[in-house]
Amino acid sequence: MTFTINSLSPKSNARAGIIKTAHGDILTPIFMPVGTVGSVKAVHSWELTEDIKAQIILGNTYHLYLRPGLDVLRQAGGIQKFNAWNKPMLSDSGGFQVYSLGDRRKITEEGVIFRSHIDGSLHTFTPERVMDIERTIGADIIMAFDECTPFPCDYQYAKKSMALTHRWLERCCQRIKQTESVYDYEQSLFPIVQGSIYNDLRRESCEKIASCNCEGNAIGGLSVGEPVETMYELTDLCCLILPKDKPRYLMGVGTPANILECIDLGIDMFDCVMPTRNGRNGMLFTSEGIINIKNAKYTSDFSPLDAIGTSYVDSTYTKAYLHHLFKAEEILALQIASIHNLAFYLWLVGEARKHIVAGDFKNWKTLMITKVTTRL
RNA sequence: GGGAGAGUCGCAUAGUGGCAAUUGCAACAGACUGUAAAUCUGUCCUCUCAGGAGUUCGGUGGUUCGAGUCCACCCUCUCCCA
């Protein structure tokens, strides 16, 4: 994997770059649709590439390990062949599940023991084991095993957890050095900054992560419930410390406005379940603002989903029709909403890139944020 | 014509002397940020200063401190026998 910066935005830390992987190139800043179990929910790989213009998608180590399991993934020749995506992928390590499945796991120095949410069976995830699993999954970018701390999180716990994440990181790095790719291409390990909302911990964590000299770096443990301003301040702090010549990935963020603000701060990569999950629940992010398509006011609104939307679904379907599909609980509603939202997110980061290159990102961002935060 | 049964807040249901009344659906809102999510939460007779207040269970009377619930008659519907 390589990263090249093409343009820097004036009066901003935003940058436009290109990540080259064995499965293709990624123009940054980029949004990565989440495909937890190897599938971006309700969306075909054809739609992802041709309509949404996704360049890289996520998979999740914990979920893929439980189902379909490593044997199947190995037999398939890796996740990109298995899910017919054949483009860059990133696997999250299961660190988020340490947080989200908090009541089904036990953390020790050695690792985390999970009780499967599927059948209750016990599974031990050590940093070494996670690296081995991520080797077998075969994503181009693989995440270090961390603990995503909750919010609120007291200082002592945050400090202790961060130190554990750092020790786990050394074990991850070690394991990756000792092992080789299962398939015929290289994988890049990204470490993850933690430290909750504490500036000194975040600073310390960034320095630690930077010292590992990995090919890219991630910021984790944010947008877990802290005020949005806190999230921006910490992201800013991290961006100032993390190496400029490597991609910066802000994990789990966010709303269209969050993404624009954080691009401004120097983030290159984002992922979030919001466009897909909220889409399935009837929330559409459009160029005009946010709409809840299930609301009665859309019953007879025959305007297109998004007047300037670039997706096939935007010009093909009306708000009234999608409203009807949601009310009728038709499966097509979930597909249309997911495709629209993802296409909008990818359009948004694509536009951001154009404006960074053109040198007017800052002004464009301000205008765009007013639009995307409007509640229609 | 004879017999049996049933009418409850949009629909369907629970309720057999203390009830503004159970549950489901529908409706109307809201939430969702490295996915245990096609999920979850709230409202859902009227008004409300959110504490309450006022009208309700086919209709009209009655019994009772108190009736959706018991009694009488009436109306409507369903089924069975002629």
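Three strands make up an open sheet in the order S7-S8-S9, and their pairing is antiparallel. Strands (E, at least two residues) and helices (H or I, at least four) are DSSP runs, numbered from the N terminus. Two strands pair if DSSP finds at least two bridges between them. S7 and S9 stand at the edges with a single partner strand each, so one side of each has no neighbour in the sheet. From one strand to the next, the twist averages 15°.

This is a predicted model, in which local features need pLDDT of at least 70 and side-chain atom pairs count only at pLDDT 80 or more, while totals for chains, interfaces and linings use all residues. Residues are numbered from 1 along each chain as its sequence is written, and chains are lettered from A and ligands numbered from 1 in the order in which they are written.

| S7 | 105-107 |
| S8 | 112-115 |
| S9 | 122-125 |

S7 and S8 pair over three bridges, and Arg105 stands opposite Phe114 in S8.

Now for RNA strand B. How many residues surround RNA strand B? There are 46, and the closest are Cys148, Ser223, Gly252, Gly254 and Val273. A residue counts as near if its C-beta atom, placed from the backbone, lies within 6 Å of the strand. Among the elements that give two or more residues to this surface are helix H5 (95-100) and helix H14 (331-358).

Terms used
Axes are lines fitted to C-alpha atoms, for helices over the stretch in contact, and angles run from 0 to 180 degrees between N-to-C directions.
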